[in-house]
Amino acid sequence: MTPSRPLGLIAAFAALAVLYALPAIAPRALVQDLFGVLTLLVLALNWNTLAGFAGLVSVGQQAFVGIGAYAMFAAIILMDLNPLVGVLIGGLAAAAFALPMAFFAFRLNGAYFAIGTWVVADIARLGISQWKALGGGTGTSLPKGTAKDMAFVDRIKAALDVSSAAAADALTYWLMLTLAVAMLVAGHVFLRSRMGLGLQAIRDNETAARSVGVDPVRLKALVFLLTAFGTGLCGALAFIQITRVTPDAAFSVIDWTAFVIFITVIGGIGTLPGPIVGAVIFYALQRLLADYGTIYLIVLGCLGIAVMLFARRGLWGVFTGRTGIDLLPLTHRPPKSAAPQPQASRRTA
Amino acid sequence: MAILSLQSVSKSFGALKVSDSVSFEVQPGEALGIIGPNGAGKSTLFNLITGNIAPDQGKVLLDGRDVTRLPPMERVRAGIGRSFQIPQPFVHLSVYENLLVAARFGGEVGAAEAPGFCMDILAQTGLAAVAEKPSGGLPLLQRKRLELARAMATKPRVILLDEIAGGLTDAECGELIATIKAIHAEGTAIIWIEHVLHALTSVVGRLMVLNFGRMLMIGAPDQVMASPEVREIYLGIEA
């Protein structure tokens, strides 16, 4: 382990502590801004696992955001459930939708898979537009005060001495931050596991992976399902804060997939810290170029192209390659005693 | 009972019969060599045994169990290991990790035993010193060794070696033969396709000759090599 690694971890924990303290020390607008960035970060962490590690370049992740959001609205409006239970239902509904979606999309490969997922997502958008109980094509709003009536909002309001609305923002912000941390940890644990190792083998050589016993379809389907769950949770939580849902907003390919791909690609696709780097850069650009309207999108596009041409592993990939520093390495190191153990675990006969 | 048994296995690519009613058996712990001119269907035969290609007709039995319909990954778990003619390492993974994948999936080795298990195989195949190196940058001999080591990590009861000695110098070839002999001595059955005849005959007990997808002859190496037909077809082309 290089001496830079503990330092990096200390810096990461310090940054995390500041982020958690933010609602108590920063203006509400900043908390709301960062909520949006964290939403994209959670989506990017999921998309990175899906595309960067499982090789499933989906352009239809907005399907899971939209279904998560609508399932959450249905849970609150039609079933009168607690919003936080609604978020969980959102995640489960997205995972449930991933099953039939995988059934169709997994027949396709590469670019066809990307287009196929996009088409399925649009079918989901059109289907949801027919749901009259949730406003059909024009959408619907959460009942007044839903966010403010969430558990803990009163206590946060008292503790921080802010309005109910600000307290609700703080709660959703903390939940999204926790979701981001949980996704990062879960991603690391998963990729370091037996299944993560199998995924990396498939990424390098699918034929060889099969010939050493790895089942590519099963592993990819599992990742598709798990990331659909994560994406659905994130979508549901995002729309609690937004409080209003329409099919076009919930199933937006620009907001929920294009930005997410941009963040992952410039940060470093196929590296765990990549999406974090990408999200930070995305936020910085957003602030810098906020006054320039459409030019902002053109700059984003050019930057994305430049990174794809000149730094294919993204900015984090370049940094790791130059310095050898990797905060969340996925390598499995051989046991220390490299000397051969006397036939201890070799099979008999 | 035979560990591996092929029963009239046939496969055509269009009008070309690449495998024409091939039948043979391999006994537990046996070493069988396969020779034949280029295009005789040797690698296809391996792909039929491992499940990468489905036969048009015939059966593949492992320990008497019909595995003809099983996909490659399940045949690996059942005990058929293979090395590729052109080494196919997982290039972004280290040598050790290449083995770890094979041990954890194909060999179904538990998380606790896997590291020691892999290191033992790396030591046996002469790769312990490069365990942490990325497999993508290895020289040819070590890539060949890695093919062998990775196949071993799937805990095969029969291992298929596809021209593993091809392209090596005599000294390198000698080292590899010693390793293969050691693996064979432990009781693993071997089926070995090879053009380097002296390498093959120093290990195998039986030799099989393929030509145009058909099995021409099978028997003791010196008998097979003494056959005028084999000399004409095989050595005639080689010379």
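Predicted model: local features only at pLDDT ≥ 70, side-chain atom pairs only at ≥ 80, totals over all residues.

Visitor: Why are helix 2 of chain A and helix 7 of chain A called roughly parallel?

Guide: The axes of helix 2 of chain A and helix 7 of chain A cross at roughly 20° and come within 9 Å. Angles under 35 degrees count as roughly parallel, and therefore helix 2 of chain A and helix 7 of chain A are given that description. The crossing of helix 2 of chain A and helix 7 of chain A is left-handed. Among the residues that make the contact are L34(A), F35(A), L38(A) and L45(A) of helix 2 of chain A, together with Y173(A), M176(A), L177(A) and L184(A) of helix 7 of chain A. The residues of this contact of helix 2 of chain A with helix 7 of chain A divide into 18 nonpolar, 4 polar and 2 charged.

Visitor: What makes helix 6 of chain A roughly perpendicular to helix 7 of chain A?

Guide: For helix 6 (residues 153-160) of chain A and helix 7 of chain A, the axes come within 8 Å and cross at roughly 110°. The range of 65 to 115 degrees counts as roughly perpendicular, so helix 6 of chain A is roughly perpendicular to helix 7 of chain A. V153(A), I156(A), K157(A) and L160(A) of helix 6 of chain A make the contact with residues of helix 7 of chain A, including A167(A), L171(A) and W174(A). By class, the residues of the contact of helix 6 of chain A with helix 7 of chain A are 8 nonpolar, 1 polar and 1 charged.

Visitor: How do you know how many cavities of 30 Å³ or more there are?

Guide: In a cavity a 1.4 Å probe fits but cannot get out, and by this rule the count comes to 1 cavity of 30 Å³ or more. About 40 Å³ of space lies in the largest cavity. The residues lining the largest cavity are L43(A), N46(A), W47(A), Q61(A), T231(A), W256(A), T257(A) and V260(A), and by class they are 4 nonpolar, 4 polar and none charged. Helix 2 and helix 12 (253-267) of chain A each supply at least two residues of the lining of the largest cavity.

Visitor: Which residues lie nearest the centre of the second largest pocket, and how many residues line it?

Guide: Lining residues have an atom within 4 Å of a point, and 28 residues line the second largest pocket, with A12(A), L16(A), V181(A), L184(A) and I276(A) nearest its centre. Helix 1 of chain A gives the most to the lining of the second largest pocket, namely 7 residues. By class, the lining of the second largest pocket has 26 nonpolar, 2 polar and no charged residues, and about 870 Å³ of space lies in the second largest pocket.

Visitor: How many nonpolar, polar and charged residues does the lining of the largest pocket have?

Guide: The lining of the largest pocket has 18 nonpolar, 13 polar and 10 charged residues. About 1,400 Å³ of space lies in the largest pocket, and of the 41 residues that line the largest pocket, R313(A), D326(A), L330(A), T331(A) and H92(B) are the closest to its centre.

Definitions and conventions: Residues numbered from 1 in each chain as written. Chains lettered and ligands numbered in written order. Heavy atoms only, no water. 1 Å grid on protein atoms, 1.4 Å probe; cavity = no way out; pocket = protein on both sides within 12 Å on 5 of 7 lines; lining within 4 Å. Points joined across faces, edges and corners; volume = space filled by probe spheres on them. Nonpolar A, V, L, I, M, F, W, Y, C, P; charged D, E, K, R; others polar. Helix = DSSP H or I, 4+ residues; strand = E, 2+ residues; numbered from the N terminus. Axes fitted to C-alpha atoms, helices over the stretch in contact; angles between N-to-C directions. Parallel < 35°, antiparallel > 145°, perpendicular 65-115°, else oblique. Left-handed = near helix turned anticlockwise from the far one by under 90°. Contact = heavy atoms within 4.5 Å.
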